[in-house]
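Have a look at it first, then read on.

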Amino acid sequence: MKEKSLISINDYSKSEILEILDIAEGFEKNPRQPILSDKVVSTLFFEPSTRTRLSFESAANQLGARVIGFSDAGTTSAKKGESLKDTVLTVACYSDVIVMRHPLAGSARWASEVSPVPIINAGDGANQHPTQCLLDMYSIRKTQGKLDKLNIAFVGDLKYGRTVHSLVIAMCDFDTTFHLISPEALKLPSYVKQHIKDKNLEYHQYLSIEEAIDKVDILYMTRVQRERFADPIEYENVKNSYILTKDQLKNCKDNLKILHPLPRVNEISEEVDDTPQAYYFQQAQNGVYVRQALLSAILGAV
Amino acid sequence: MQKKELQVSAIKNGTVIDHIAQNHVERVLYTLNLSKYKDQIYFGANLDSKKYGKKGIIKVSNKFFAPEEISKIALVSPTATLIEIRDYEVASKKQVEISDEIKGLVKCVNPNCITNHENVLTHFEVVNKDEIVLKCRYCEKNTTKTNIEFV
């Protein structure tokens, strides 16, 4: 993986993904090691993001790397009309790896084609967010002790959620049984379902969490947004079905863990935070270890 | 024996684009920018075809198409046949072919794709040659036959 950009989760083979997860496990045991002390990491955030940027910067700092960058394109020459290519070529002169988030889909792939240093995609518009996918997989493996043959439920907006699409596709390599819980209007797109069918895996579709809660090992929550509905009445009818409460967990399996890419708005009641099933903040913590693993693998330090 | 009557007049030199999918003649003319062409053009639509039921045909005098133009024809009408005529004789005949990758020719359908905002040459993988489905190398969205726009 040395010097290899990560743009889309599909760029990594199953064995490369597992290798990153194994390396991340090492960082969880020992997160502060000065192995990147001679490296400079730049974080180019052309659109705001709290979690992803801070998580990358924390990962880099804990390994001793220096971090440069910006978190608001308004303060950069992009505002003056500089092309992405020119920005990337310039920043590549100052750093060993570039972590980039950009509002346009495909920007990260383009950056990786022009950049002499590797690019890590931290989100390119509605397209890909591969490090989220890796940290989700890490969290699944850690809580369940394995990735194979699990029952995973995806809840909420399965139509537009890019994290859902990437994770479903990645988990197709692990004999997963999928439980897809969404309003009619926000079902998983057929191109993603095709990946499940191609691998002859089982999937079930439901309209409510209750129908599936006793069958699953992982409940992956996402937010159902009002603006996704053409008909506001339809939104009012369904919105409460996708808010997870403590009461809904009474029939769950003992090993169930709840994941959420965050930020949460109201789709998981705060009362759930204190249950043994809640795992979303640890999931965010795991993001640091996975990003440490990626940075050190790409920079050739492990 | 009665001589078979041509449905569209013959040309002396040039190219015949035969077996154009029904209702696609206009699209091919437009795609190849033939409305500005100065020499003779004959075309016919909804002609009988043994192979396809109905077909279209375009005959362009003194014009031999470049590979890039042939790729465009293939994207608009993958069933088309290209026949080069020299002195009323068939000099060559071939089925148009779609390559595995398309660079530059086509615009990405996704308005939020980087290729529609910066000076980036579009680049597609042809994921389905029959239905014409082009997957953008950058934004990973599909551009299909019905929404193809040329650069």
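## A buried serine, some cysteines and an interface

B:S61 counts as buried because its relative accessibility is 4% (buried is under 20% relative accessible area, exposed over 50%, partly exposed in between, with a 1.4 Å probe and protein chains only). This is a predicted model, where local features need pLDDT of at least 70, side-chain atom pairs count only at pLDDT 80 or more, and totals for chains, interfaces and linings use all residues. Residues are numbered from 1 along each chain as its sequence is written, chains are lettered from A and ligands numbered from 1 in the order in which they are written, and side-chain values use heavy atoms, with hydrogens and water left out.

Back to that serine. B:S61 sits in strand β3 of chain B, residues 53-61 (strands are DSSP runs of E, at least two residues; helices are runs of H or I, at least four; both are numbered from the N terminus). Leaving aside residues up to four places away in sequence, B:S61 touches B:I11, B:N13, B:G14, B:Y37, B:D39 and B:Q40, where contact means heavy atoms within 4.5 Å.

Now the cysteines. Over all chains there are zero disulfides, taking a disulfide as a pair of cysteine sulfur atoms within 2.5 Å. B:C139 is in none, and its nearest cysteine sulfur, on B:C108, is 3.6 Å away. Here is how the accessibilities look:

| Residue | Relative accessibility | Class |
|---|---|---|
| A:C93 | 63% | exposed |
| B:C139 | 1% | buried |
| B:S61 | 4% | buried |

On to where the chains meet. Chain A puts 15 residues into the contact and chain B 12 residues. Together they bury about 1,100 Å², 50% of it on carbon and sulfur atoms; buried area is the accessible area (1.4 Å probe) that two parts lose on being put together, summed over both. Of the area that chain A buries against chain B, 43% comes from A:L104, A:A105 and A:W110, more than from any other three residues.

On the chain A side, α3 (84-92) and α4 (107-114) are the elements that give two or more residues. The most come from α4(A), with four residues.
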